[in-house]
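Here's a quick briefing to keep beside the model while you look around.

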Amino acid sequence: METNPENSAVIDAADEQTQKALTFVGNILSAMGVNARVAFDGVEQSDSGHTEVKLAITGEDANVVIGKKGLVLDALQYLVSRVANRPGAPRRFFNLDADGFRANHESRLGDMAKKLALRVAKEGKVVTFDPMSARDRRVVHRALSGLEGVKTESSGEEPNRRVHIMPSAATTPAAV
Amino acid sequence: MDLKSLLEAIVQGLVDRPEEVRISEHAKDSATVLELRVARTDIGKVIGKDGRTAQSIRTVLSAAGARDQRKVHLDIVD
């Protein structure tokens with residue numbers, strides 16, 4: 001596969017932006033006084049083609065940094081990207097997880113999408129999700145890509161953008 | 001748990017001039033009020049596009065404060 005120079009660069013725990021991110025999260029965890037630590041957890045190629053650095057928080061207080069519906073984890077992940085990405089340097093994407101919360105959430109969402117897709121294919125009706133983040137919408141698109149009989153589309157404006165699962169033959173969700 | 005140190009740890013990472021970060025802390029009823037001052041050129045960095053950075057900072061501070069049943073109020077002074 002062709003990769004651009006930025007993506008072909010080896011990213012490991014010694015990468016400068018990754019170090020910055022790890023130090024930042026580590027400082028926050030110790031200032032919060034929680035029993036948790038953060039570590040580099042590999043890289044992943046996202047479907048939009050960029051390399052994502054995975055950071056994993058573990059420890060008995062991991063739930064504190066997850067928060068209700070993962071809101072605290074989302075806030076921390078956003079701050080990490082602000083801190084590690086300074087103007088001038090190529091943008092680095094970070095995926096911050098704690099005790100597998102994000103991974104579990106995405107696997108449940110993908111499973112649910114597959115179940116709903118079977119129903120859409122069988123009954124020929126369109127199923128529409130509640131508004132979700134770009135990341136979660138992507139999970140649905142990806143889970144159902146290549147599945148016979150259904151297709152996925154998003155409509156609406158952020159933060160109210162929704163994914164629709166519809167029969168392959170259906171027209172755009174705007175008409176639904 | 002020291003909210004002031006937590007805010008400091010967050011903001012030091014965001015700004016270009018960490019030496020100009022000033023934080024004062026006082027209690028108001030059951031809340032802790034944190035007043036944050038940064039270099040004029042760094043204000044945008046702690047507020048962020050559509051206030052998203054400030055919102056994220058507040059979310060993390062509130063989570064930390066909740067462990068001690070403290071509400072946290074963050075004032076960004078400009």
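Searching the whole structure, over all chains, turns up 14 salt bridges. Keep in mind that this is a predicted model. A few of those pairs are worth a visit, and some of them sit between chain A and chain B, where the count is 2 salt bridges.

**Salt bridges inside chain A**

- Start with Arg135(A) and Glu52(A), whose side chains meet in a salt bridge at 3.4 Å, N to O.
- Arg135(A) belongs to helix H6 (residues 134–144) of chain A and Glu52(A) to strand E2 (residues 51–58) of chain A, so this pair ties together parts that are 83 residues apart in sequence.
- Are these two partners buried or exposed? Arg135(A) is buried, with a relative accessible area of 18%, and Glu52(A) is buried too, at 8%; the cut-off for buried is under 20%.
- Next up is the salt bridge between Glu158(A) and Arg137(A), with 2.9 Å from N to O.
- Here Arg137(A) is in helix H6 of chain A, while Glu158(A) sits in the loop between strand E5 (150–155) and strand E6 (162–167) of chain A, so the pair links parts that are 21 residues apart in sequence.

**Salt bridges involving chain B**

- Within chain B, the side chains of Glu20(B) and Arg17(B) pair up in a salt bridge (3.1 Å, N to O).
- Both ends count as partly exposed, with relative accessibility of 30% for Glu20(B) and 39% for Arg17(B).
- There's also a network to look for: salt bridges that share partners join Arg86(A), Asp16(B), Asp42(B) and Lys45(B).
- Across the two chains, Arg67(B) forms a salt bridge with Asp61(A), and their closest N and O atoms are 3.5 Å apart.

**Where chain A meets chain B**

- On the contact list, 18 residues of chain A touch 20 residues of chain B.
- About 1500 Å² is buried between the two chains, and carbon and sulfur atoms give 70% of that area.
- Which residues of chain A lose the most area to chain B? They are Met32(A), Tyr78(A) and Arg86(A), which together make up 35% of what that side buries.
- As for polar contacts between the chains, the count is 2 residue pairs, with both residues at pLDDT 80 or more.
- Helix H2 (16–32) and helix H4 (71–84) of chain A are the elements that give two or more residues to the side touching chain B.
- H4(A) gives the most to that side, with 8 residues.
- By residue type, the side of chain A that touches chain B splits into 13 nonpolar, 2 polar and 3 charged residues.

**Chain B on its own**

- Chain B has 3 helices and 3 strands, and read along the sequence they follow the pattern α-β-β-α-α-β.
- With 78 residues, a compact globule would have a radius of gyration near 12 Å, and chain B agrees with that at 12 Å.
- Along its principal axes, the C-alpha trace of chain B spans about 35 × 25 × 20 Å.
- Of the 78 residues of chain B, 41% count as buried.
- Looking at contacts in chain B between residues at least 6 apart in sequence, 56% join residues at least 24 apart.

Terms used. Residues numbered from 1 in each chain as written. Chains lettered and ligands numbered in written order. Heavy atoms only, no water. Contact = heavy atoms within 4.5 Å. Buried area = accessible area lost by both parts, 1.4 Å probe. Salt bridge = Lys/Arg side-chain N within 4 Å of Asp/Glu carboxyl O. Polar contact = N/O pair within 3.5 Å; in protein donor to acceptor, adjacent residues only side chain to side chain. Helix = DSSP H or I, 4+ residues; strand = E, 2+ residues; numbered from the N terminus. Nonpolar A, V, L, I, M, F, W, Y, C, P; charged D, E, K, R; others polar. Buried < 20%, exposed > 50% of the residue type's maximum accessible area, 1.4 Å probe, protein only. Rg over C-alpha atoms; globule rule 2.2 N^0.38 Å.
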